[in-house]
Amino acid sequence: MACSQEHEGVIAPAYSRIKVFEFEHGRRNVPYTCTQCEEAWCLHACPTSAISIDHTLGIKAVDESLCVGCRVCTIACPYGTINMNSRSGKAVKCNLCGGDPACSEACPTGAIRYESSRDT
Ligand code: SF4
Ligand code: SF4
């Protein structure tokens, strides 16, 4: 809910960049989003170079002005963490909210923490 509010201005989990997956037939629910993986299959697959590395945050970022909505990145990502926005027709993924993730701010139990990888 916090993610969709941050990015779309509405509380609508369908628009969220972070999803909650069910495991063990619903006995365990785990939030999951882009891991900003080193391999960045999405970035390499994009035919318009709409995805690039933001070295400040260390993320793979989508430039909506270059995205033509072909969906290739959604097929290339093995984790299913880049998806199409039904409003814009563009690819969307976690961008760490510019360095202050709304999901981590909203989490009431501290289960989602935003930390430097150097601290782990
Ligand atoms: S949907 Fe957009 S970001 Fe994804 S591969 Fe196509 S042009 Fe690139
Ligand atoms: S969207 Fe998928 S392939 Fe792209 S950086 Fe994130 S986890 Fe990697």
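Guide: A residue counts as near a molecule or strand if its C-beta atom, placed from the backbone, lies within 6 Å of it. Residues here are numbered from 1 along each chain as its sequence is written, while chains are lettered from A and ligands numbered from 1 in the order in which they are written. Please keep in mind that this is a predicted model, where local features need pLDDT of at least 70, side-chain atom pairs count only at pLDDT 80 or more, and totals for chains, interfaces and linings use all residues.

Visitor: Which residues come nearest to ligand 1?

Guide: Cys-46, Cys-67, Cys-70, Cys-73 and Ala-91 do, out of 14 residues around ligand 1. By class, that shell holds eleven nonpolar residues, two polar and one charged; Ala, Val, Leu, Ile, Met, Phe, Trp, Tyr, Cys and Pro count as nonpolar, Asp, Glu, Lys and Arg as charged, and the others, Gly among them, as polar.

Visitor: And what makes up the surroundings of ligand 2?

Guide: Ligand 2 has 13 residues around it, with Cys-34, Cys-37, Cys-42, Cys-77 and Ile-82 the closest. Eight residues of this shell are nonpolar, three polar and two charged.

Visitor: What makes a set of residues a nonpolar core?

Guide: Its members are buried Ala, Val, Leu, Ile, Met, Phe, Trp, Tyr and Cys residues joined through C-beta atoms within 7 Å. The largest one here has 15 residues, and Cys-42, Cys-46, Ile-51, Val-62, Cys-73, Ile-82 and Ala-91 have the most contacts inside it. Helix 2 (41-45) and strand 6 (91-93) each give two or more residues to this core.

Visitor: Which residues does Ala-91 contact, leaving aside its neighbours within four places in sequence?

Guide: Val-62, Cys-67, Cys-73, Thr-74, Ile-82 and Met-84; a contact means C-beta atoms, placed from the backbone, within 7 Å.

Visitor: How do you know that the protein is as compact as a globular one of its length?

Guide: There are four helices and six strands, DSSP runs of H or I with at least four residues and of E with at least two. The radius of gyration, taken over C-alpha atoms, is set against 2.2 Å times the number of residues to the power 0.38. The protein has 14 Å, close to the 14 Å which that rule gives for 120 residues, so it is as compact as a globular protein of that length.

Conventions: Buried ≥ 20, exposed ≤ 12 C-beta atoms within 10 Å, placed from the backbone. Contact = placed C-beta atoms within 7 Å.
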